[in-house]
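User: I'd like to go through this one and see what stands behind each label. Can you walk me through it?

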Amino acid sequence: RLIWREWLPEAVRSFLARQTGLVSNECEALITLLASVHDIGKATPSFSFKATGPAERVRTTGLDLPMTCKPYSHAYMGEILLGDWLQERGWSENVFAGYASVIGGHHGTNPNGGSCEGDLEDIRFEQRKRPRFVMGNEDWKAVQNELMGWAFEGSGAAWCEDALKQHAIPAYVQILLTGMVIMADWISSNEAM
């Protein structure tokens, strides 16, 4: 939110509003939402099993977490989770795919292009075949949905959902939004601040 309000020049904020068809506070809600859910892919078995200590704490909550599984990128899984969540809310694919791709690209590569496309299809296949080993079972989904719902409300996206779900964003705007999410990620991850 602070990046939108304090860091971006007015010309960039105006450009984003024109290119998305959203007004300024809707754009702010959108970027706040995307920054808030950018790591949602970490709320999956495929990510959570990686660190032994934290994995044991996850297991004590009752979530089914295998001792090992295929470690997909949390950015790729996050793209799928956000896309599926928005689709379940009635958003059309031409809209939710653009927003979700920001999550998929927040580490500098976009899983919609080149060799990453196969990874996404593998995840979707494994999700249908053995959901608990990749994205998680229904208990995991409840956690993921709660986190995304919290971010949706807290970001302000809930009050402007009708506007957001009607505006597909072009690829060059997705790139700009991805850069803003990366900046927010770097700032929030900086332990020296």
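This is a predicted model: local features need pLDDT of at least 70, side-chain atom pairs count only at pLDDT 80 or more; totals for chains, interfaces and linings use all residues.

User: What pattern does the chain follow along the sequence?

Analyst: Reading along, you get α-α-α-α-α-α-α-α-α-α-α. Of the 193 residues in the chain, 45% are buried. The chain exposes about 9800 Å², and carbon and sulfur atoms supply 55% of that. As for contacts between residues at least 6 apart in sequence, 75% join residues at least 24 apart.

User: Why are H3 and H9 called roughly antiparallel?

Analyst: Helix H3 (residues 24–37) and helix H9 (residues 138–155) pack at an angle of about 150 degrees, with 8 Å between their axes. Anything over 145 degrees counts as roughly antiparallel, so H3 and H9 get that label. Their crossing is right-handed.

User: Which residues of H3 and H9 meet?

Analyst: From H3 you have Ala-29, Thr-32, Leu-33, Ser-36 and Val-37, and they meet Met-148, Ala-151, Phe-152 and Ser-155 in H9. Sorted by class, the contact of H3 with H9 has 6 nonpolar, 3 polar and no charged residues.

User: What makes H6 and H9 roughly perpendicular?

Analyst: The axes of helix H6 (residues 74–88) and H9 cross at roughly 75 degrees and come within 11 Å. The range for roughly perpendicular is 65 to 115 degrees, therefore H6 and H9 qualify. On the H6 side, Leu-81, Leu-82, Trp-85 and Glu-88 meet Lys-141, Gln-144, Asn-145, Met-148, Gly-149 and Phe-152 in H9. That contact of H6 with H9 divides into 5 nonpolar, 3 polar and 2 charged residues.

User: How do you know whether Thr-20 is buried or exposed?

Analyst: Its relative accessibility is 4%. Buried means under 20%, so Thr-20 counts as buried. Thr-20 is found in helix H2. Leaving aside neighbours within four places in sequence, Thr-20 is in contact with Cys-27, His-167, Ile-169 and Val-173. Also, the C-alpha atoms of Thr-20 and Ala-168 are separated by 7.1 Å, while these residues are 148 residues apart along the chain.

User: And what about Met-67: where is its place, and is it buried or exposed?

Analyst: Met-67 has its place in the loop between helix H5 (52–60) and H6. Exposed takes over 50%, and Met-67 has 63% relative accessibility, so Met-67 counts as exposed. Beyond neighbours within four places in sequence, Met-67 is in contact with Phe-49, Glu-56 and Arg-59. The C-alpha atoms of Met-67 and Ser-48, 19 residues apart along the chain, are separated by 9.8 Å.

Terms used: Residues are numbered from 1 along each chain as its sequence is written. Side-chain values use heavy atoms; hydrogens and water are left out. Axes are lines fitted to C-alpha atoms, for helices over the stretch in contact, and angles run from 0 to 180 degrees between N-to-C directions. Helices (H or I, at least four residues) and strands (E, at least two) are DSSP runs, numbered from the N terminus. Angles under 35 degrees count as roughly parallel, over 145 as roughly antiparallel, 65 to 115 as roughly perpendicular and the rest as oblique. A crossing is left-handed if the near helix is turned anticlockwise from the far one by less than a right angle, and right-handed if clockwise. Contact means heavy atoms within 4.5 Å. Ala, Val, Leu, Ile, Met, Phe, Trp, Tyr, Cys and Pro count as nonpolar, Asp, Glu, Lys and Arg as charged, and the others, Gly among them, as polar. Buried means under 20% relative accessible area, exposed over 50%, partly exposed in between (1.4 Å probe, protein chains only). Accessible areas come from the Shrake-Rupley method with a 1.4 Å probe; for residues, only the protein chains shown count as cover.
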